[in-house]
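Please read it alongside the sequence and the coordinates.

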Number of protein chains: 2
Amino acid sequence: MKFKKIAVTALAIGLSSATLAQSIGKPEDQIRWRQSVMQTLGWSMGRIKANIEGAYNKDQVIQAANTIQALANSGSGALFAPGTDKGKGWHETEVKPELFTNTAKLREVGSAYNKEANELAKVAAAGDAAAVKTQFGNLGKACKACHDEFRKEQK
Amino acid sequence: MKFKKIAVTALAIGLSSATLAQSIGKPEDQIRWRQSVMQTLGWSMGRIKANIEGAYNKDQVIQAANTIQALANSGSGALFAPGTDKGKGWHETEVKPELFTNTAKLREVGSAYNKEANELAKVAAAGDAAAVKTQFGNLGKACKACHDEFRKEQK
């Protein structure tokens, strides 16, 4: 039952159940790791935003977009295992309990995140700033859709 | 002078000075982001270790190795800007002041980290568990060399 729940959650964000072969970490580790992944995403998004709004540096945007792509495909969904709906990593988790039950919605927002992150890496490599701006917006919407659904309001 | 120092530090870990076009974040942001990057690396290294020691799952090792590679090439050296030798991100920074002055050593350990991370991603894609084990060891040594040199002893 416990494994089944993990598998469903992971599948919902575009992972194969095979990737669960080695799930590591105590709940507090998993919460700290996923908070770290989110922060690393935030740093990378912020860098791309600065490049769009300021002088555009193709290499830096590629670095950031590749980081986002790797994280979107990293299998970080496994860090939302049962028992991690409450608890403290760097800080108290902000996840809503719905993430662990609304698998249809999780699958929808997770797939969009994957798709838009992969597309952003492709667009960044091509180096057209206007296209990056558009795709950055698409990814931002995918992030927001998941946050609106599954993250508690931030204090 | 300030820019020159950033440039030297960034170059020392294998970045081009062009990647500094947009340096973002206050010192406390930069410290929190680099601590998050390190945690994400730690999670990924832990996953590979679990795969080497347990049942080997090629896809999961690729996910983790690609994450490490993207982070090693992310330009996270820019998060060690002057003024971030002290301060608190998630916790008080553990960086030694030597990181900001011993650029020769920083260049050496930074280049090794890049090289071994890129190699691990390549080896992971090929899927030979024994080769991954060897290369994981090489990357671990590169991590340790930098920690020994530039990270204060952890409490």
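Leaving aside neighbours within four places in sequence, Thr40(B) is in contact (heavy atoms within 4.5 Å) with Ser36(A), Val37(A), Thr40(A), Leu71(A), Thr67(B) and Leu71(B). Thr40(B) lies in helix α2 of chain B, where helices (H or I, at least four residues) are DSSP runs numbered from the N terminus. With a relative accessible area of 0%, Thr40(B) is buried; buried means under 20% relative accessible area, exposed over 50%, and partly exposed in between, for a 1.4 Å probe and protein chains only.

This is a predicted model, in which local features need pLDDT of at least 70 and side-chain atom pairs count only at pLDDT 80 or more, whereas totals for chains, interfaces and linings use all residues. Residues are numbered from 1 along each chain as its sequence is written, chains are lettered from A and ligands numbered from 1 in the order in which they are written, and side-chain values use heavy atoms, with hydrogens and water left out.

Over all chains, the structure holds 12 salt bridges, a salt bridge being a side-chain nitrogen of Lys or Arg within 4 Å of a carboxyl oxygen of Asp or Glu. The table lists some of them, including pairs from both chain A and chain B.

| Salt bridge | Closest N and O atoms |
|---|---|
| Lys144(A) and Asp148(A) | 2.7 Å |
| Arg32(B) and Asp29(B) | 3.2 Å |

Lys144(A) and Asp148(A) are separated by about one helical turn, because they are 4 residues apart in helix α5 (residues 129-150) of chain A; Asp148(A) is partly exposed, at a relative accessible area of 45%. Arg32(B) and Asp29(B), 3 residues apart in helix α2 (residues 27-53) of chain B, are likewise separated by about one helical turn, and Asp29(B) counts as buried at 19% relative accessibility. In the remaining tabulated pair, Lys115(B) counts as exposed at 56% relative accessibility, whereas Glu116(B), at 14%, counts as buried.

How many aromatic pairs are there over all chains? The count comes to 1, where rings of Phe, Tyr and Trp (its six-membered ring) pair if their centres lie within 6.5 Å, and planes under 30 degrees apart count as stacked, over 60 as edge-to-face and the rest as tilted. The ring centres of Trp90(A) and Trp90(B) are 5.4 Å apart and their planes lie at 5 degrees, so the pair is stacked. Trp90(A) lies in the loop between α3 (58-72) and α4 (103-126) of chain A, and Trp90(B) in the loop between α3 (58-72) and α4 (103-126) of chain B, so the pair joins two chains. Trp90(B) is buried, with a relative accessible area of 19%.
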